[in-house]
Amino acid sequence: MNKILFIKAKTYTFGICLLLLLTTACKNDKKPIAILTTDDEITKFYKSELKDCIQYLEAMEGANQTKINVDLYTKARFKFKTIEPILSAIDKNNYKSLNAPNILQVQEEDLTDIKIRNPFGFQVIEELLFDPEADSVALYNTINLTKNRLKLIEKNTQINLKDHHLIWLFRNQIVRTATTGITGFDSPVLGQSLLECQTTYQTLIDLTEILKPKFNSNTLYVALIESFKNSISALNHDFDSFDRYGFIKNNTDKQLELLVKVQKDWKVQFPFEMAISNEATSLFDSNTLNVFYFSDYKSDTLKLKEKQLLGKQLFHDKMLSKNYEMACATCHIKDKAFTDGKKTFDKNQIRNTPTLRYAAYQQTFFMDGRSGSLEGQIVGVADNHDEFNLPMDSIVNRVRNEQHYKIQFDTLYQGKRMEYNVRHAIASYIRTLNSFDSKFDKNINGLEDTLTEEEISGFNLFMGKAVCATCHFAPLFNGTVPPDYKDTEMELIGVPQENDTINAVISQDLGRYDKFKTEERKHFFKTPTVRNVEKTAPYMHNGVYTSLEQVVDFYNRGGGQGIGIEEAYQTLPFDNLNLTKKEQAELVAFMKTLTDSE
């Protein structure tokens, strides 16, 4: 009996202790177990790779061209490319600085605010590291500056990505790979761009795996990862013979399609649209780029079709010029892709008439980039003594006095801001001159199967070995840099005054220099589109070349430098291209496929 009571007492005591233990544990565990959010996991991944990148640069501090330093730089560069999709999404300005080409950076806001800076970052390190004549102090300073900027980024990183940010991150990286990554745009010496593209695709896989809880459709989740893996496999190729046409058609476009499905699966609500459409399913589709991203954000889009038709009337009306002798259409002829086919329009002009096709997709206008909008460009034409030579207030008076115009402006614009509205109507018409329906567009979008092997080879050369696409970026083939499309590049390529390939003399036109008198901007001109180039001869700002064959030969020799023109700030990233005659012919054949069907 006593033994039974003892056992019961012991059991009771144990129960009390257990209850007290549980109660105490509950009191001490008021906070729930921490569950990492996707932002936490992305931050952890990002900072880990960023720290590795910094450590490799720190190990280079000897800053000489030894094999060890080359290896350390290569590892640091791959770590930088690993974080590229994230860094470029959350800190665009720092990404741009760290990946800038080794070209003097000039920012010209106005005459009182001109900034000239030496570049830094990975491309600059790469060129200095492989240049046996490079200043070791400059190399050391560039490594140090790059490393310190990365440390600052690490210290101040806070990642808070909403669903639409994540979609933009993925879309931008997919487009970046197709438009700059596979072209060698940012691997000037090592030529490792295809390997680096594999690295960024692996990051997209890692991010997709982190984001798996967001997917309602496991099938879609698996398809996206498989598509990224297929891209990595396709990119495992040598640079010169890589099939960029097939890659874009079979990888880039399919991933854009999948991304639209993902955003529907996630029920993503976009607050607005960036340069690339939120519904983009093909790199070369007419709806891929948002044309209004490139216009004044206050631009009026009500009754836009009617305003475009009004602008078309004004575009063809000679009443806008002082002597009633010139309209916009006088120099910009539709059948010539809105150029005039002349070296210069008349003896008073010094520059070739540029095409207006795809002109809307730029951030600066005129060949010297002196205007920031199409509306502003129209003012420049009106004020030019050798063009319309009629101030905008006089043009407004003429338009207002024409009854049919007055009725249209009163109806469409309610009679307000008349001077701006005249410009807006004409600019709205110019923004319609983008059809994206060339032979090339139709083929890469699967609407036709008519491209020849020569034409496809020409595209692959344009996007690869011939490095054309490092300045003329697909799909616009102009100088507006994807995927953010915030900057339209200007270049100094050394265009000669006359078509002389021996001891040539540079064109006397000083280009951008005439705007702010910045010495470092002499002979700089905006990079034009190559679309419809078959119809826009003669070529270059001064019309010096009459055929595409001559243009390709000029670049093949190394631009101005290859024909005896020495300019300190020439921006071409090569000495010469070493293209065979066959390859040059293929390039020309491809460029002719960019002629619009209209």
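Some bookkeeping. This is a predicted model, where local features need pLDDT of at least 70 and side-chain atom pairs count only at pLDDT 80 or more, while totals for chains, interfaces and linings use all residues. Residues are numbered from 1 along each chain as its sequence is written, and side-chain values use heavy atoms, with hydrogens and water left out.

The protein chain has 21 helices and four strands, taken as DSSP runs numbered from the N terminus (helices H or I with at least four residues, strands E with at least two). Its C-alpha atoms fill a box of roughly 125 × 65 × 55 Å along the principal axes. Of the 598 residues, 53% count as buried, meaning under 20% relative accessible area with a 1.4 Å probe and protein chains only; over 50% is exposed, and in between is partly exposed. Among contacts with a separation of 6 or more, 68% come from residues 24 or more positions apart, where contact means heavy atoms within 4.5 Å.

Back to the rings. Which kind of pair do Phe315 and Phe338 form? Their centres are 6.1 Å apart and their planes are at 75°, so the pair is edge-to-face. Phe315 belongs to helix α11 (residues 304-315) and Phe338 to the loop between α12 (328-331) and α13 (374-383), so parts 23 residues apart in sequence are tied together. Phe315 and Phe338 are both buried.

The rings of Phe477 and Phe590 have centres 5.9 Å apart and planes at 65°, so this pair is edge-to-face too. Phe477 sits in the loop between α18 and β3 (490-491) and Phe590 in helix α21 (residues 581-592), 113 residues apart. Phe477 is buried, as is Phe590. Both belong to one aromatic cluster, along with Tyr245, Phe284, Phe440, Phe459 and Phe462.

Next, a helix pair. The axes of α10 (residues 244-265) and α18 (residues 453-463) come within 8 Å and cross at roughly 90°; the axes are lines fitted to C-alpha atoms over the stretch in contact, with angles from 0 to 180 degrees between N-to-C directions. The two helices are therefore roughly perpendicular, the label for 65 to 115 degrees. Arg244, Tyr245 and Ile248 of α10 meet Ile456, Phe459, Asn460 and Met463 of α18.

Arg244 also lies over the face of Phe239, at 4.5 Å from the ring centre. The rule there is NZ of Lys or CZ of Arg within 6 Å of the ring centre and within 35 degrees of the ring normal. Likewise, the charged end of Arg521 sits over the ring of Phe524, 4.3 Å from its centre.

Beyond neighbours within four places in sequence, Glu196 contacts Arg77, Phe78, Lys81, Asp186 and Ser187.

Asp317 lies in the loop between α11 and α12. With neighbours within four places left aside, Asp317 is in contact with Met326, Ala327 and Tyr405.

Terms used: Angles under 35 degrees count as roughly parallel, over 145 as roughly antiparallel, 65 to 115 as roughly perpendicular and the rest as oblique. Rings of Phe, Tyr and Trp (its six-membered ring) pair if their centres lie within 6.5 Å; planes under 30 degrees apart count as stacked, over 60 as edge-to-face and the rest as tilted.
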